[in-house]
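I opened the model to look at a helix, a surface patch and the annotated spans. My entries follow in the order I looked things up.

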Amino acid sequence: MKHKPPLSVQILIGLLLGVLAGLALQAAPDVARTYIKPFGVLFLNLIKMVVVPLVFASITAGTCGLGDAKKVGRIGGKTILFYLCTTALAVTLGLLAANLFPVGRGLGQVAQESAGAAGTTVSVADTLLNIVPTNPVAALAEGNMLQIIFFALCLGGAILLIGEKGLPLLAVCDSLAEAMYALTGFIMKLAPVAVFALIAPVVAELGPRVLLAFLGVILVVYGACLLHMLVGYSIAVGGIARVNPLTFFRTALPALVFAFSSASSAGTLPFSMEAARRLGVPAPVRSFVLPLGATINMDGTAIYQGVCALFIANAYGIPLDLGQQVTIVLTCTLASVGTAGVPGAGVVMLTMVLQSVGLPVEGVALVAGIDRVLDMARTTVNITGDIACSAVVAATEGGLKPERP
């Protein structure tokens with residue numbers, strides 16, 4: 001019995017076939033739009049169908065899962081603070097990189113539906129005030145992602161506070177989250193066909209220049225990821241943990257290589273544990289910090305979200321003001337608490353980000369095909385952040401204590 005290739009390979013094949021079909025249909029782009037694109041639109045509708053209940057349930061349950069952090073006191077607080085701060089810095093870096101190198105500008109994409117909030121100027125103060133929903137039910141109905149995330153975080157914290165009385169509600173959220181994971185997993189199996197159906201009309205209409213835009217996105221994401229790793233984490237481990245950055249990266253190299261090749265944070269965990277041990281991170285610290293990082297540390301993903309959001313905005317000719325870019329930072333940072341374990345987390349989070357600032361969700365098609373290439377970089381950044389955090393937390397909790405292999 002022949003084994004199917006991994007989903008990431010199937011998506012890449014779908015991208016390549018879509019590009020070839022688009023090039024072949026350049027003389028008849030209407031054919032691609034009429035007979036091929038609807039299959040891609042169906043996929044996007046399915047994603048939009050699950051994103052609100054998925055985000056609400058997974059973040060509520062994920063926040064409750066941080067109850068373990070209370071048992072380790074200061075270690076939990078320091079770990080979560082480190083992860084949230086670096087995630088905010090990462091998405092800011094991604095946005096800065098995309099502003100400096102505006103890939104996608106001039107593609108001339110036309111949204112199928114109104115861009116909504118993307119055409120409206122919103123101040124930073126209004127953005128911050130609008131995080132708190134006056135009506136959570138309305139936020140859920142309208143798909144207001146920032147308000148949904150905030151309400152889910154608050155609800156998860158409240159469930160923790162009431163202890164055993166909150167267990168029934170937690171069970172409901174857990175069950176809903178698992179059902180949404182299963183449904184999302186099924187939908188993601190359709191991604192190869194969807195990528196083919198979405199990219200073929202784009203290439204048919206725009207021709208080879210869209211391929212140069214893909215290369216630009218990859219270069220900007222990889223450049224921002226390298227900068228965040230080499231500068232941001234070097235400052236953290238050198239300034240706080242008092243570890244030579246060269247020693248840090250040399251010790252972490254096996255984990256980083258495996259993360260890059262596998263694009264799996266969970267699969268890299270044993271390598272991360274060994275790297276942390278060699279750096280002198282005590283077992284109690286590394287056994288808490290690293291698994292938690294696999295759940296809430298999404299620095300690489302945040303960089304990807306920032307770059308891709310600006311790329312899609314440029315492709316559709318929709319300017320994003322400062323308030324909207326602050327919304328992207330807040331959405332990525334708050335969403336990092338509970339979306340890492342979601343199947344197709346990159347696509348789901350990007351959909352959330354686009355909805356939060358009113359950008360066309362069909363813009364996901366422009367980056368879905370190269371997601372695997374980008375996933376390699378963002379997973380490597382995530383793993384580097386996990387190991388750096390373990391060293392920083394250990395250094396503030398009695399110091400690093402290297403062990404012999």
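I listed the buried residues of α9 and got Leu170, Cys173, Ala177, Met180, Tyr181, Thr184, Ile187 and Met188. The model is a predicted one.

I then turned to the face of α9 pointing away from that buried side. There I noted the exposed residues Pro168, Val172, Glu178, Ala182 and Phe186.

I also checked the length of α9, which runs over residues 167-188. With 22 residues at 1.5 Å a residue, the helix should span 32 Å; I found its end C-alpha atoms 31 Å apart, which agrees.

I found a nonpolar patch of about 410 Å², made by Val9, Ile13, Leu17, Leu20 and Leu23. I picked out Ile13, which lies in helix α1 (residues 7-24). Its relative accessibility is 42%, and Ile13 therefore counts as partly exposed.

Last, I looked up the record. The unreviewed UniProt entry annotates residues 43-68, 80-102, 144-162, 182-203, 210-236 and 248-269 as "transmembrane region". I compared two of these spans with the model.

What is the helix content of residues 144-162? I read 89% helix and 0% strand, with the end C-alpha atoms 27 Å apart. For residues 210-236 I read 100% helix and 0% strand. The end C-alpha atoms of residues 210-236 are 38 Å apart.

Notes:
Residues numbered from 1 in each chain as written. Predicted model: local features only at pLDDT ≥ 70, side-chain atom pairs only at ≥ 80, totals over all residues. Heavy atoms only, no water. Patch = residues over 30% accessible without salt bridge, like charges linked within 9 Å, V, L, I, M, F, W, Y side chains within 5 Å. Areas by Shrake-Rupley, 256 points an atom, 1.4 Å probe, with all protein chains shown as cover. Salt bridge = Lys/Arg side-chain N within 4 Å of Asp/Glu carboxyl O. Helix = DSSP H or I, 4+ residues; strand = E, 2+ residues; numbered from the N terminus. Buried < 20%, exposed > 50% of the residue type's maximum accessible area, 1.4 Å probe, protein only. Expected span 1.5 Å × (residues − 1). UniProt positions renumbered as here; feature names shortened; annotations may be inferred.
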